[in-house]
Each structure stands twice: as C-alpha cells, then as structure tokens.
Amino acid sequence: MLLFDLTSIQAIANVKRHGGGIYGEIIFRRLVERKKLFCCYFDSNRWINPDIIDLCCKNNIQLFDINKIKLKEIVTQNSIDTIYSPLDGNGIFDINCHKIITIHGLRIFETPKDKYQLFYKYKFSRKIKEILKFYLSDLFLCRSRKEYISKYFSDPNTEIITVSNHSKNALITFFPEIKSNNIKLHTLYSPSTARYDIDIPTNQFIKPYFLIVSGNRWVKNTIRAIIAFERLKSMGYLTDIDLVITGAHKNDIKYKFKYPQSIIFKGYVEDNELESLYKNAQILVYPSLNEGFGYPPLEAMKYGTPVIASAITSIPEICGDAVMYFCPYYIEEIMNRMLQMQDQSLRETYSKKSLKRFDEITKKQHEDLDKLIDLILKNNSVENI
C-alpha cells in the first residue's frame, strides 16, 4: 500500500500556496486519475486545499490526521510498504519502509546567504536565527550537511527524485554519499502548472507594468530588482511604467522607496488574478538567486510574455534561449536588461521564442509526470541514474 504525504502540500507558515505544494497537488491528482489504491496523511492544524480533501472523499481515499495517530502507527497498522513525499519528506526518515522523496533543490548549500537578506521582514525570533545563519554560515552548513546525509543519503531504501538536471548535479556535487551508499536518484521535470480552464480577469492596470512574483522571500532577490527599476526612473527612463509585485506587502521589505506611487504590492493573489498579471505584463522580471526548477518564467511564456531572468542555477536549463539573462547580483545588469526590453521589436522576438519554448518544456513535463507516477506505483518504467 502506498502512503502519500499530504503535509507537503499544506500551508507553510502564512503561505497557503507554494511551489512544492502545487507540485504535490498535481502528482496527487494524477495518482487519483490512475484509480490506484493508496492512502494519505495530513495535519489538521494547517490549511490544506479543500479540493484535495473533496477528492479524497469522492474517491474513498483514506485520510489519517497525524495529530491523532503517529506516522509509525499508520505504517504498521495499514501494511504500508512505500511512502511518497513531494517536498523533502520531513518526518519520514526513521520510518522502516521504502521511501520516495522529491528534493527540489539545494538552495541552503548553493545560496546560503546574501547581503540584502536582512532587508526582508522577519519576526524577531526568525530574524535572530537569520542573523546567526548569515554570520555563522559555515557552521550552519556543516550541520545541515550532516542532517541531509542522515535523512536522505544513508538508507538504501530511499529513492530521490529531483526536478532538473541542475538539481541532480548539485546533489551529486555536494553529496558523494549518493554514489557510495547506492542511493537511487531520478531526474524528472516538475509537472506543468499550465491551466486552460480558468477565467482570467481583464487587465486592471492602465499603465504598462513589469511583474515580479514571490516578492517576500530574499532568495527571489526582489530588492535588487526594485533598486534597478527606481534607478532607471531617477535617470528619466521607464516614466510611464509601474512595477507590480505579488506575494509581498510594502512593509515586508525594509527599503526606502523613491517612487512608491509606481510600485504596486499585491500580496497573495488568487490563481485567476495571477494568470491575468502574467498575461498582461510588459515583461516578467525574474531575478531569483536560486531555483531547483522555476515555474514563473514558464507561466509567463504561456502567454508570450517576454522574460528577463537570472542566468544561474536551473533557470537557463528550463528557459533555454527564450529569455534575456542577467547576473542577479549586479543591479546595473538588471537595469540594462530592463532598458533593452523597451525595444518593441525585441519584445516581439522574445515573445515568439517564449511560446515555442513553453511548448517544448510542457511536452517534456507531461512525459515526465507519467514516468514519475509509474515510479511511485513501482511499474519500473523509469531508469535509475
């Protein structure tokens, strides 16, 4: 019997929907479509998409609340032979059964700190922790490495799925224990999040706008993009363009805005509004410092929206030649790309490229999703790396 970890798709702190959770929801829905017998566990104290609970009820999928029964008891009492966790597998490492875990990336090792990190809003206790991690990063990385080895790379009953070739090679680079301990490692692209059944609101903005998503996380590098945008404004460029930022409020970022009237913070937005923002943006600005896969560029490319993006981690692998790249650590280079994309003919060129790239990657995503489901269901249709 397969046990699916629904805690991985639930809210993290005050973030209801996150990339790893959406990834897990897609896999869950495809498992349901396969009409295979499996059960799930979740945490009743955290938000979960009510559609997932409805699917469980309609398909007679048994749900276990880990606040009422321990995970070990679920496994032993229900003849569980495999647990699948779509996001890091927290809590399953000491369970004695076959485990399949998706590791999306190694941000903690590849990008452990950034000089703008503390410009983002934290609760006091979290801020102290982030300060300690920043100044004692080597100590934290050493401890984290030991934890990763213990959790993921010691038990040969564990199989690891990762979501890009970049992430696969990052795992191999940082953890030679994968090879020495015979841990099975599979590379399967994150499934497509593209939706065609959604009612998209009309464009709510009069002015053209640049779009940034997930703006409240330092690893998304929003502050450098804001500084680049405002510097261009102060030089007399982008006079009639706004910057729209989702996933953040103004007070989430400790920065003195020079043109606050031109920067629009949307906070959390529902899926249909986000689609409208992608569709109607002049460009998507994606200055992320680290990605295991990176959904937002593809979500913009679906509409032919041009993208300027970081030239690091998995982003060039996923986006190919369909976006204009910059070094995310250099504000002047972000400014340069913002200016270049004011050329309408260049935007049209990248719009055509983005539509083509979206189709290419989406095809592979659909193929890899079926391979992933086969792997979870033990149909052995996926080759080990």
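A residue counts as buried when its relative accessible area is under 20%. Isoleucine 100 has 0% relative accessibility and is therefore buried. The model described here is predicted. Isoleucine 100 lies in strand S5, which spans residues 98-102. Its contacts, leaving aside residues up to four places away in sequence, are Thr82, Ile83, Tyr84, Ser85, Glu159, Ile161, Leu375 and Ile376. Phenylalanine 4 is 96 residues away from isoleucine 100 in sequence. In space, the C-alpha atoms of these two residues are 9.9 Å apart.

Phenylalanine 4 also features in the largest nonpolar core. This core holds 55 residues. Phe4, Leu6, Ile27, Phe28, Phe38, Tyr84 and Leu211 touch the most other members. Helix H14, residues 344-376, is the element that gives the most to the core, with seven residues. A second core is separate and has 36 residues. Tyr120, Ile212, Leu238 and Ile253 are among them.

Leucine 6 has contacts with Phe28, Cys40, Tyr41, Phe42, Ile48, Ile52, Cys56 and Leu63, again not counting residues up to four places away in sequence. Among them, Phe28, Ile52 and Cys56 also take part in the packing of helix H1 with helix H2.

Helix H1 covers residues 19-33, and helix H2 covers residues 50-58. Their axes are 11 Å apart and meet at an angle of about 20°. H1 is therefore roughly parallel to H2, as angles under 35 degrees are classed that way. The crossing of H1 past H2 is left-handed. On the H1 side, the contact is made by Glu25, Phe28, Arg29 and Val32. On the H2 side, Asp51, Ile52, Leu55 and Cys56 meet them. The contact residues comprise five nonpolar, no polar and three charged.

H1 also packs against H14. Here the angle is about 70°, and the axes are 10 Å apart. H1 is therefore roughly perpendicular to H14, since the range for that class is 65 to 115 degrees. This crossing of H1 and H14 is right-handed. Tyr23, Ile26, Ile27, Arg30 and Leu31 are the residues contributed by H1. Their partners in H14 are Leu369, Asp370, Leu372, Ile373 and Ile376. The contact of H1 with H14 divides into eight nonpolar, no polar and two charged residues. Ile27, one of the H1 residues in this contact, is also listed among the core members that touch the most others. Ile376, on the H14 side, touches isoleucine 100 as well.

Aspartate 370 sits in H14. With a relative accessible area of 32%, aspartate 370 is partly exposed. Aspartate 370 touches Arg30 and Arg34, residues up to four places away in sequence being left out. Proline 191 is 179 residues from aspartate 370 along the sequence, yet their C-alpha atoms are 9.3 Å apart.

Helix H7 spans residues 165-174. Its buried residues are His166, Ser167, Lys168, Ala170 and Leu171.

Two loop residues other than glycine have a positive phi. Serine 214 has phi near 55°. Serine 214 lies in the loop between strand S8 (209-212) and helix H9 (222-234). At 29% relative accessibility, serine 214 is partly exposed. Leucine 238 likewise has phi near 55°. Leucine 238 belongs to the loop between H9 and strand S9 (242-246). With a relative accessible area of 7%, leucine 238 is buried. Leucine 238 is also a member of the second core.

Asparagine 60 occupies the loop between H2 and strand S3 (63-65). A relative accessible area of 71% makes asparagine 60 exposed. Asparagine 60 and leucine 37 are 23 residues apart along the chain, and 9.3 Å separates their C-alpha atoms.

How values were computed. Residues numbered from 1 in each chain as written. Predicted model: local features only at pLDDT ≥ 70, side-chain atom pairs only at ≥ 80, totals over all residues. Heavy atoms only, no water. Core = buried A, V, L, I, M, F, W, Y, C linked by side-chain atoms within 4.5 Å. Buried < 20%, exposed > 50% of the residue type's maximum accessible area, 1.4 Å probe, protein only. Helix = DSSP H or I, 4+ residues; strand = E, 2+ residues; numbered from the N terminus. Contact = heavy atoms within 4.5 Å. Axes fitted to C-alpha atoms, helices over the stretch in contact; angles between N-to-C directions. Parallel < 35°, antiparallel > 145°, perpendicular 65-115°, else oblique. Left-handed = near helix turned anticlockwise from the far one by under 90°. Nonpolar A, V, L, I, M, F, W, Y, C, P; charged D, E, K, R; others polar.
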